[in-house]
Amino acid sequence: MRAYARYAFGRFLQFLLVVFIGINIAYIITHATPIDPVEHTVSVATAFGHTAPEAIESMRQSLRELYGLTGSPIEQYLNFWRRVLVADFGPSLSAFPSPVSTLIGRAIPWTVGLLGVATILTWIIGNLLGGLAGYYRRSRLLKGFGIVAMALHPMPYYIAAIILLIVFGYLWPILPISGGSQMNVARGWSSEYILSVARHSMLPLLSLLLVGLGGWFVGMRSLVSNVVTEDYVVYAELAGVSKRRILTAYVMRNAIAPQVTGLAISLGHVFSGALITERVFGYPGIGSLLVDGVHAGDYSLVLGVTTVSIVGVSLAVLVIDLIYPLIDPRVTVS
Amino acid sequence: MSAAMRNPAAKPETADGPVVAVRDLRAWYRLRLFGVDREVKAVDGITFEVRKDEIYGLAGESSSGKSTLVKTIAGAMRPPLEIVGGEIQFSFMDGTMGLNRAPADLVERVRWRHLSYVMQGSMSVLNPVRRIGTSFFDFAFRHMGLDKAGFEAAVVAHLARVNLPASVLKAYPHELSGGMRQRVTIALATICRPQFIIADEPTTALDVVVQKDVLAMFRSIQREMASSVLFVTHDMGVHAHLTDRLGIMYAGRLVEEARTPDVFARPRHPYTRHLIHSLPRIGDDRPRSGLEGTPPSLANPPSGCRFHPRCAFATERCRVEVPPMEQVAPDHRVACFEKDRVEATP
């Protein structure tokens, strides 16, 4: 227990460090862009008609304060961190005057809901089938599945997505091709709304499954076929331990550990994966928000989305790391 | 032993019949590479018995077929290894084909209850992510006919016999030292008091001090339970120390078998003589001579007696005919045409 506490504490410090470095990089990059958001806003606001220079100057002044661009660079930097800690990223430029945090808060459930579920579902199905395929090497069904999964795996994700869109949106139009839910259905816990959300998530989910399954399947299959020849599995077989217990407690249990690490990494891809998926399927998540923000030069939005992704990804990895000793008790030792 | 622990599938034990009898066993690796058949005759016509309450040692150099023989008897064969001919008869099981051809449910009942196994490389036979206690439960619970509390008490009592504290049950294998792990595997293999234990190089990975302790423990448990043990190692020192009878293997065949002291005192086969004479002795500092040549390939073994290319006594007959195993003294069998000449030579 003591060893675990030490391990958990160490991992937590690491998490804080990663978040700190990540946000700093995001800060530097956004502040190094050639687009000055204040001048951009001023020029947009003053593009039509005549504005008095004093009015422009006071507008510039208030925008600077709004964006936290007053004072020396060090003051700006400290100010930025003060605002990050209370999750205040200022107002969005492109959707002025909505605060960035409101926009992100609205988008996050969509992204986490779709990509989080897709990632975990892909992981579970891929590992389960891969594990069975590695253990029951002679099964024709599992062999066939392996071939299909392997054929789909190298396909670029957007191609698979677009093929699905063409097949189910155009050739055989049974599923909605865009959006997160039907426009005219009120939000809430009504069955109609939930059904609508589910229907809209079908195509993106299917596309992620199709492309993602193969990797987990093949990885787990080869892990299992290695574990099967380990001494402790052979020994348990010689001891007459039941097949079922060998498969679950001896084979799968030991093969799964590296795959859990893989899951942590792929949960990290939820936010970056969101970019393409949400773009192709017009899904109202954080990826779409980020792309819109970049196009509009809305750097408080970009910074906000980036910060949230950094924290989200690190948090997912931290959670996996904290449960990892349950899967492999050897990690707390080192 | 309670009545519930007895296995209904088991035959009533005969008083002094062998626990396992192997007759003319042949087990080959049959490979097919690029359309060419290749047969590796790792076990080629072996006959021997392991009696009740004895430790039968099996010695021989690497690639002499020891491990293959053990795998075949334990029913741990995987393709391309297969039984080509011969019989394996267990006292606790009907039928003569051993574990490989017996019905699965019978095999499941016999394993660990009547026949257990201490494996080569015992360091890695425990599941690294399972607590020792859980492994005991997996392996032995269904054979013991006890409730959980009773089972745990029995395990703790048995661990005490190998000088292990009850706390190891809560430990993971990586938290134990090599010697402790080895004792755990011995406890695991003996908890059900099986009639027959196969031990395949169980102490090879341990240093000599730990090895001595473990062997002594093994011996005392075996004496207490009156089990029969088939003990395989290439280490003649271990054989001298532990086994009651000893079989010497060379290139897939048994070449000599006798009570262990007789093997060391009066070896009749030239190969056995080389093995014994190569052992260092206290006070004798003459250089030891190694055996000329290399062990033969089992895929293409020499004709006749397989030892003839390395044998100083070889005659024309040895090159052509396979010498049969013949009794030369009580409990002493040798497969050599020139055994009398060998014995006459100092």
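**A chat about chains A and B**

Visitor: Leaving aside its neighbours within four places in sequence, what is Leu230(B) in contact with?
Guide: Apart from those neighbours, Leu230(B) is in contact with Val50(B), Tyr56(B), Leu58(B), Val70(B), Ile198(B) and Ala199(B), where contact means that the C-beta atoms of two residues, placed from the backbone, lie within 7 Å. This is a predicted model, in which local features need pLDDT of at least 70 and side-chain atom pairs count only at pLDDT 80 or more, while totals for chains, interfaces and linings use all residues. Residues are numbered from 1 along each chain as its sequence is written, and chains are lettered from A and ligands numbered from 1 in the order in which they are written.

Visitor: Which residues have the most contacts inside the largest nonpolar core?
Guide: Those are Val251(A), Leu230(B) and Phe231(B), in a core of 150 residues. Such a core is a set of buried Ala, Val, Leu, Ile, Met, Phe, Trp, Tyr and Cys residues joined through C-beta atoms within 7 Å, and a residue is buried if 20 or more other C-beta atoms lie within 10 Å of its own, exposed if 12 or fewer, and partly exposed in between. Helix 5 (residues 100-135) of chain A supplies the largest share of this core, 13 residues; helices (H or I, at least four residues) and strands (E, at least two) are DSSP runs, numbered from the N terminus.

Visitor: Okay, new topic: in what order do the eight strands of the open sheet in chain B run?
Guide: The order is 5-6-7-3-8-9-11-10, with mixed pairing, and two strands pair if DSSP finds at least two bridges between them. Strand 5 (115-118) and strand 10 (326-329) of chain B are the edges, each pairing on one side only.

Visitor: And in which sense do strand 5 and strand 6 of chain B pair?
Guide: Strand 5 and strand 6 (residues 196-200) of chain B are parallel, with four bridges, and Ser116(B) has Ile197(B) as its bridge partner in strand 6.

Visitor: How many residues does each chain bring to the contact?
Guide: Chain A brings 19 residues and chain B brings 20. On the side of chain A that touches chain B, helix 9 of chain A gives the most, with six residues.

Visitor: Why is helix 9 of chain A largely enclosed?
Guide: Six of its eight residues are buried, so helix 9 of chain A is largely enclosed by the rest of the structure. Its buried residues, including Tyr232(A) and Leu238(A), pack against helix 8 (191-227) and helix 10 of chain A, together with helix 1 (66-74), strand 5 and helix 3 (132-144) of chain B.
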